[in-house]
Amino acid sequence: MIGRGTARLGRRTAMALGLVGLLAWVLPAQRSPMQESLRLHARLVPAPPVGDSVALTLPGGGRGMLFVPRAQARRDRQHLLLHFHGAPWLVRQAAAAQKPGMTVATFSLGSGSGVYDRSFREPGAMDSVMAQVQRGLDSLAGRTVRIERVVLSGFSAGHGAIRVILRDSTWAARVHAVLLLDGMHTSYVPEGRPLADGGTLDSLNLLSLTAFARRAVNGQSRMLVTHSEIFPGTYASTTETAQWMLQALGLRAKPVLAWGPRGMQQLGDTRAGRLRVMGFAGTSAPDHIDHLHAMPEMLRLLLR
């Protein structure tokens with residue numbers, strides 16, 4: 001008798017949790033100033049870098065930094081991670097956690113995706129960056145180094161650079177993998193009118209990313225997209241853009257209830273080929289930063 005009661009309670013609890021997960025996936029969240037302590041919000045701890053740095057300069061005047069870990073400086077073949085937006089030390093730690101390790105180029109150009117878009121829209125911007133990276137690697141190794149894989153990652157506003165780079169079909173074909181950490185945004189049409197009020201998404205900023213996602217579905221590349229529940233209000237949320245991408249690919253979002261890295265609470269997990277879209281709970285600023293601090297785990301999921 002006790003066993004049957006416990007079983008009924010278990011089923012009811014599972015149904016309730018399933019409903020919570022479905023509502024969290026379907027209903028739009030609002031950005032909230034509320035402070036909460038329920039989620040862990042675990043943070044990486046800075047560690048002294050061991051390696052060499054080389055300054056990088058964009059044609060439009062922006063600056064970046066190439067970091068070559070000491071253990072990889074003399075390798076003839078390198079895997080290169082180009083990351084946009086976020087603390088360089090954190091990106092270096094995320095790259096160092098991978099096997100094999102990766103050389104890292106980081107760019108933190110300012111607030112808003114527009115500055116990244118404009119910087120890499122400059123003619124020859126990506127070619128210039130890669131030429132500087134190649135010279136830096138060759139100089140540190142004392143011989144010609146081969147860059148075997150190029151991986152692009154962007155947190156928040158950093159996706160602005162990635163969408164521009166992928167518009168070039170030559171670079172879209174050369175890039176091995178893309179990681180978007182809670183940062184695929186676009187405008188509403190008309191400007192500032194949310195979907196709930198009859199607006200639509202400006203798809204122009206999503207087309208190159210979706211085209212690359214289609215390559216991942218077909219096994220030609222790899223792509224991992226994460227999103228929170230934050231609703232900016234005046235422009236499209238990462239939840240809305242992720243759903244737009246999935247619909248454009250003919251895929252349906254899959255709700256789940258699971259633990260993510262560093263105490264994050266996962267609400268969605270959609271996979272097709274080598275594309276993965278992961279949704280997480282949270283409407284506050286710490287929930288947004290969680291995605292960047294989960295970069296070691298997310299890179300591992302992308303590249304394994």
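Biologist: How many bridges join strand 10 to strand 11, and do they run parallel or antiparallel?
Modeller: In this predicted model, three bridges join strand 10, residues 255-259, to strand 11, and the two run antiparallel.

Biologist: Which residue is the bridge partner of Trp259 in strand 11?
Modeller: The partner of Trp259 is Gln265. Gln265 belongs to strand 11, which covers residues 265-272.

Biologist: What lies between strand 10 and strand 11 in their hairpin?
Modeller: Five residues lie between the strands of that hairpin, and Arg262 takes a positive phi near 55° there.

Biologist: Which strand is joined to strand 11 by six bridges?
Modeller: That is strand 12, residues 275-280, which runs antiparallel to strand 11. Within this pairing, Asp269 stands opposite Met278 of strand 12. The hairpin of strand 11 and strand 12 has two residues between the strands, and Gly273 takes a positive phi near 60° in it.

Biologist: Is strand 11 largely enclosed or largely open?
Modeller: Strand 11 is largely enclosed by the rest of the structure, because six of its eight residues are buried.

Biologist: And Gln265, is it buried, partly exposed or exposed?
Modeller: Gln265 is partly exposed, since its relative accessible area is 23% and the buried class requires a value under 20%.

Biologist: Which residues is Gln265 in contact with, leaving aside its neighbours within four places in sequence?
Modeller: Gln265 is in contact with Arg39, Ala258, Trp259, Gly279, Phe280 and Ala281. With Arg39, the side chain of Gln265 makes a polar contact to the side chain, at 3.4 Å. As for Ala281, the C-alpha atoms of Gln265 and Ala281 are 5.5 Å apart in space, although the two residues are 16 apart in sequence.

Biologist: Changing topic, where does Thr106 lie, and is it buried or exposed?
Modeller: Thr106 lies in strand 4, residues 103-107. Thr106 is buried, with a relative accessible area of 6%. Beyond its neighbours within four places in sequence, Thr106 is in contact with Gly64, Met65, His83, Pro88 and Val91.

Biologist: Which peptide bond from Lys99 is cis?
Modeller: The bond from Lys99 to Pro100 is cis, with omega near 0°. Pro100 sits in the loop between helix 2, residues 88-96, and strand 4. The bond from Val189 to Pro190 is also cis, with omega near -5°. Pro190 is placed in the loop between strand 7 (188-189) and strand 8 (200-201).

Biologist: What is the phi of His85, and what is the phi of Ser156?
Modeller: His85 has a positive phi of about 85° although it is not a glycine, and it lies in the loop between strand 3 (77-84) and helix 2. Ser156 has a positive phi near 55° and is likewise a residue other than glycine. Most residues other than glycine have a negative phi. Ser156 is found in the loop between strand 5 (146-155) and helix 5 (159-165). Ser156 is buried, with a relative accessible area of 15%.

Biologist: How many helices and strands are in the chain, and how much of it is buried?
Modeller: The chain has 10 helices and 12 strands. Of its 304 residues, 50% count as buried. The chain exposes about 14400 Å², of which carbon and sulfur atoms supply 55%.

Biologist: What is the mean pLDDT, and where does pLDDT stay under 50?
Modeller: The mean pLDDT of the chain is 89, and 89% of its residues reach 70 or more. Over residues 1-30 pLDDT stays under 50. Where pLDDT is low, the predicted coordinates should not be read in detail.

Key: Residues are numbered from 1 along each chain as its sequence is written. This is a predicted model: local features need pLDDT of at least 70, side-chain atom pairs count only at pLDDT 80 or more; totals for chains, interfaces and linings use all residues. Side-chain values use heavy atoms; hydrogens and water are left out. Helices (H or I, at least four residues) and strands (E, at least two) are DSSP runs, numbered from the N terminus. Buried means under 20% relative accessible area, exposed over 50%, partly exposed in between (1.4 Å probe, protein chains only). Contact means heavy atoms within 4.5 Å. A polar contact is a pair of N or O atoms within 3.5 Å; within protein, one must be able to donate a hydrogen and the other to accept it, and residues adjacent in sequence count only if both atoms are side-chain atoms. pLDDT is the predictor's confidence in each residue, from 0 to 100. Two strands pair if DSSP finds at least two bridges between them. Accessible areas come from the Shrake-Rupley method with a 1.4 Å probe; for residues, only the protein chains shown count as cover.
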